[in-house]
Amino acid sequence: MALGAPGLARAQPSPSMPGMDHRHHATAAPAAGEEAGHGSHAHDVGPAGETYDLRFLDAMVQHHTGALRMSEFVFGIGEPGVGALATTIWREQAREIRAMGLWRKAWYPEAPIYPVALRPGGNPDAMADLERMGSAQIEAMQMVTTKPTRANRVVWFLESMIEHHGGALQMAHDALEKSSTPTIRRLAREIIVTQRLEIIQLRRMLQHDGLNKPAYYRFDPLFSL
């Protein structure tokens, strides 16, 4: 995925910036994620504003980090190409994490070094209303709450990654709605294109194992740009 230079198409942030409404609450949502031991989480990073891009970057870096952790459990597994897909996902998302870190540093040099969230009821246009992202928020965004066993790790990974990619699709559509920055919008579109194709591939691998649950299709409405 070709990502642009760190400062591309982003206005210099002003001294007074919005906060991050980082509502990552566990829901009663289903299937793929819960069966895989991850649960399902809202991925709303808050209202549009001067620091929407900062909020999105911090949230997406944590989300991508979860994908790296999940992928590492199945490196080297040959059936049916699971290890190769995991390696592809790991490399792709590690590259995006690096790019997002460079953009954050260039666009928000005054931001704290730690990931931030908006205080409850905070002003989305005030940097002062940002707070450190809590451990529960980070865990919810990464969506890795259990470890697989050797026996179940293939299905665990395939089902969990469908759910995880679904969260990324939600975030990408949110960015297309709320961000006016070309670099962020391009990243969001690339995430949608790449991860919808990977969800289809993940489903095919599950079908290879005789699994084809309705929950695997619940993110299809987010496939379109």
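How much accessible surface does the protein have, and what share of it belongs to carbon and sulfur atoms? The accessible surface comes to about 9600 Å², and 55% of it belongs to carbon and sulfur atoms.

**Figure 1. Overall fold of the predicted model.** This is a predicted model. The protein has six helices and two strands. From the N terminus on, the elements run α-α-α-β-β-α-α-α. Of the 225 residues, 52% count as buried. Among contacts between residues at least 6 apart in sequence, 74% join residues at least 24 apart.

Figure 2. Helix 5 has 26 residues. Its first and last C-alpha atoms are 37 Å apart, close to the 38 Å expected at 1.5 Å a residue. Of its 26 residues, 20 are buried, so helix 5 is largely enclosed by the rest of the structure. Helix 2 has 21 residues, and its end C-alpha atoms are 31 Å apart. That agrees with the 30 Å it should span at 1.5 Å a residue. Helix 2 is also largely enclosed by the rest of the structure, because 18 of its 21 residues are buried.

**Figure 3. The largest nonpolar core.** This core holds 53 residues. Phe56, Val82, Phe157 and Leu158 touch the most other members. Helix 2 (52-72), helix 3 (82-107), helix 5 and helix 6 each give two or more residues to the core. Helix 5 supplies the largest share, twelve residues. In soluble globular proteins, nonpolar side chains tend to be buried together. Beyond residues up to four places away in sequence, Phe157 touches Met70, Ser71, Val74, Val82, Ala86, Ile89 and Leu202.

**Figure 4. Arg153 in helix 5.** Arg153 is found in helix 5 (residues 153-178). Its relative accessible area is 21%, so Arg153 counts as partly exposed. Leaving aside neighbours within four places in sequence, Arg153 is in contact with Phe73, Val74, Ile77 and Pro148. The C-alpha atoms of Arg153 and Met70 are separated by 9.7 Å, although the two residues are 83 apart along the chain.

**Figure 5. Met143, a residue with positive phi.** Met143 lies in the loop between helix 4 (135-142) and helix 5. Its phi is near 65 degrees, a positive value in a residue other than glycine. Most residues other than glycine have a negative phi. Met143 is buried, with a relative accessible area of 2%.

**Figure 6. The Asp58–Arg104 salt bridge.** A search of the whole structure finds seven salt bridges. In one of them, Asp58 pairs with Arg104, with the closest N and O atoms 2.5 Å apart. The pair links distant parts of the chain: Asp58 is in helix 2, Arg104 is in helix 3, and they are 46 residues apart. Both partners are buried, Asp58 at 5% relative accessible area and Arg104 at 13%.

**Figure 7. The Arg119–Glu131 salt bridge.** The side chains of Arg119 and Glu131 meet at 3.5 Å, N to O. Arg119 lies in the loop between strand 1 (116-118) and strand 2 (130-132), and Glu131 in strand 2, so the pair ties together parts that are twelve residues apart in sequence. Arg119 is partly exposed, with a relative accessible area of 37%. Glu131 is partly exposed too, at 26%.

Figure 8. Side chains of opposite charge can pair when their charged atoms come close. Arg218 and Glu163 meet in a salt bridge, 2.5 Å from N to O. Arg218 is partly exposed at 30% relative accessibility, whereas Glu163 is buried at 2%. Elsewhere, Asp44, Asp174 and Lys178 are linked in a network of salt bridges.

**Figure 9. Arg203 in helix 6.** Arg203 has its place in helix 6. Its relative accessible area is 8%, so Arg203 counts as buried. Not counting residues up to four places away in sequence, Arg203 touches Ile162, Tyr216, Tyr217, Asp220 and Phe223.

**Figure 10. A nonpolar surface patch.** Val193, Leu197 and Leu225 make a nonpolar surface patch of about 280 Å². Leu225 sits in the segment after helix 6 (182-208). Leu225 counts as exposed, at 58% relative accessibility.

Key. Residues are numbered from 1 along each chain as its sequence is written. This is a predicted model: local features need pLDDT of at least 70, side-chain atom pairs count only at pLDDT 80 or more; totals for chains, interfaces and linings use all residues. Side-chain values use heavy atoms; hydrogens and water are left out. Patches are made of residues with over 30% relative accessible area and no salt bridge: like charges are joined within 9 Å, nonpolar side chains (Val, Leu, Ile, Met, Phe, Trp, Tyr) within 5 Å. Accessible areas come from the Shrake-Rupley method with a 1.4 Å probe; for residues, only the protein chains shown count as cover. A salt bridge is a side-chain nitrogen of Lys or Arg within 4 Å of a carboxyl oxygen of Asp or Glu. Helices (H or I, at least four residues) and strands (E, at least two) are DSSP runs, numbered from the N terminus. Buried means under 20% relative accessible area, exposed over 50%, partly exposed in between (1.4 Å probe, protein chains only). Contact means heavy atoms within 4.5 Å. A nonpolar core is a set of buried Ala, Val, Leu, Ile, Met, Phe, Trp, Tyr and Cys residues joined through side-chain atoms within 4.5 Å. The expected span of a helix is 1.5 Å times one less than its number of residues.
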